[in-house]
Amino acid sequence: MDRRKFLTTAAAVTTIASLPRMTFAQDLQDIKPKRVGLIGCGWYGKCDLLRLIQVAPVEVVSICDVDTQMRQGAAEIVASRQKSGKQPRQFGDFREMLKEKDLDICLVGTPDHWHALAMIEAVRAGADVYTQKPISRDIVEGQAMVAAARKYDRVVQVGTQRRSTAHLIEARDKVVNEGLLGTIGHAEICCYYGMGRNATAENCPPPEYLDFDMWTGPAPKLPFNPVMHPRSWRMFKEFGNGIMGDMCIHMLDTVRWMLDLGWPTSVNSRGGTYVWKDASGNVPDTQVATFDFPELDVVWTHRAYGDAPDRDYPWAVFLYGDKGTLKASVNKYEFFPKGRREPTLTGAPKTEWDKYPEDQHEKDLEQHVAAANRAHQRDFLQAIENRTKPVADIEQGHISTASCILANMSLELGRSLTWDADKHQVIGDDEANKMLAREYREGYEHPTVDNV
């Protein structure tokens, strides 16, 4: 079938895989209480955990972080939120926490370079897992994570909560699935946020409250820089996949979900550091990537300086059809029929402060995303109860993560990469295939499909 005709046909129906995801249970208080642990007590680890507490009768029994200040702060807020009022046990090494084998659910909110090892150990210990995106630092790690989830028969949800964002579900159902765009021929995704890419600091000894060696884990041991911790580790390629892995994965995954796309067949990327040359981080401040799917091309652009071309959509998805355009972000969506300057359909997130007034005072909470996070937690819990795949199953997280990693590899190698999804190999490129698994620091074993 012609790829453009495929999208016209696909837009008119709801895929079988999406049918159970049309609505989310609003009240899961009648499920059996779950014992929960958190690995990584920073910004999004706490955001995820506190949303889970809001929607189900869970007891947070253990938390782990290599930063004692961060860990203690998390213990205190958990005690103030959960019904028992108890502080969870505290650990500095998640492997010691998981030895207890007393968790029903484990949340992973570490820096990216720890995601794979933490998630795999958690499913080995018998827990269902909610892990943050990108799921892995390299592609072989992601393969191993999918294999581990299947081997130990665990539910694993990835924190790509755009799939559970009410106004984006509405945009998919009312615009894409109803065929209002017509034949969809092109998608653009972007991020024009600075992301702290310009941050600069001198190397120094790590603070006493941080176990920096454990924080580094399997990554190369670099001198400590205050930009690394907390949060801006994303600006170092040793610990994450840069703005591509942090922000592109969300929007690429949104397009894949809305249009029911699988793997790209090839990826090409160009860019570099053109403005923030003196910053401490080393990931590109400018990058363009083209993901070539059988159905259409998806083009990503990020620029960590200057204004967005459309100031209403600095981090967004644009779907172009012969009958109209869909603009979508975490803040809203708008559908513009061909030739119209004003949208005929719009949607926006709701705060839900009437149901969850504590959101208003929670430090660093993204207010517009809280409801989507709750819906994502509900979907995760429903999948656990039914022993089914959640809407952001680990395999979907792997496809979106690996696609972004391939873009970074293309940029580094200076050429397009043709991808064989079945073999999980770059076709005809030995140099690229050697990059599918990064070298681990001595003392750590790289996970593979065969050793999980």
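**Group meeting: salt bridges, a helix and some strands**

Let's start with Lys332, which is partly exposed because its relative accessibility is 22%. On that scale, buried means under 20% relative accessible area, exposed means over 50%, and partly exposed lies in between, using a 1.4 Å probe and protein chains only. Before I go on, a word on the source: this is a predicted model, where local features need pLDDT of at least 70, side-chain atom pairs count only at pLDDT 80 or more, and totals for chains, interfaces and linings use all residues. Residues are numbered from 1 along each chain as its sequence is written, and side-chain values use heavy atoms, with hydrogens and water left out.

Back to Lys332. Its side chain meets that of Glu334 in a salt bridge, at 4.0 Å from N to O. By salt bridge I mean a side-chain nitrogen of Lys or Arg within 4 Å of a carboxyl oxygen of Asp or Glu. Glu334 is buried, with a relative accessible area of 14%. Salt bridges that share partners also join Arg51, Arg81, Glu352, Asp359, Glu362 and Arg374 into one network. How many salt bridges does the structure hold? The count is 33.

Here are two more of these pairs. Glu96 and Lys99 form a salt bridge, with their closest N and O atoms 3.1 Å apart. Glu96 counts as partly exposed at 38% relative accessibility, while Lys99 is exposed at 58%.

Then there is Asp128, whose side chain meets that of Arg154 in a salt bridge of 3.5 Å, N to O. Why does this pair tie together parts that are apart in sequence? Asp128 lies in strand β5 (residues 128–131) and Arg154 in the loop between α6 (139–151) and β6 (156–158), so the pair links parts that are 26 residues apart in sequence. Helices (H or I, at least four residues) and strands (E, at least two) are DSSP runs, numbered from the N terminus. Asp128 is buried at 3% relative accessibility, and Arg154 is partly exposed at 21%.

Now please find helix α3. Which residues of α3 are buried? They are Met70, Arg71, Ala74, Ala75, Val78 and Ala79. Seen down the helix axis, the buried residues of α3 fall within an arc of 165°, so they line one face; the arc is that of the directions from the axis to the C-beta atoms. Those buried residues pack against α2 (43–55), β2 (58–64) and β3 (89–91), with contact meaning heavy atoms within 4.5 Å. On the other side of α3, Gln69 and Ser80 are exposed.

Next, the strands. Strand β8 (residues 266–272) runs antiparallel to β9 (residues 286–292), and seven bridges join them. Arg270 has Val288 as its bridge partner in β9. Strand β8 is also joined by two bridges to β15 (residues 417–420), again antiparallel, and there Val267 has Leu417 as its partner. Two strands pair if DSSP finds at least two bridges between them.

Last stop: Ser329, in strand β12 (residues 324–329). Is Ser329 buried or exposed? Ser329 counts as buried because its relative accessibility is 3%. Leaving out residues up to four places away in sequence, Ser329 touches His167, Leu168, Tyr313, Trp315 and Ala316.
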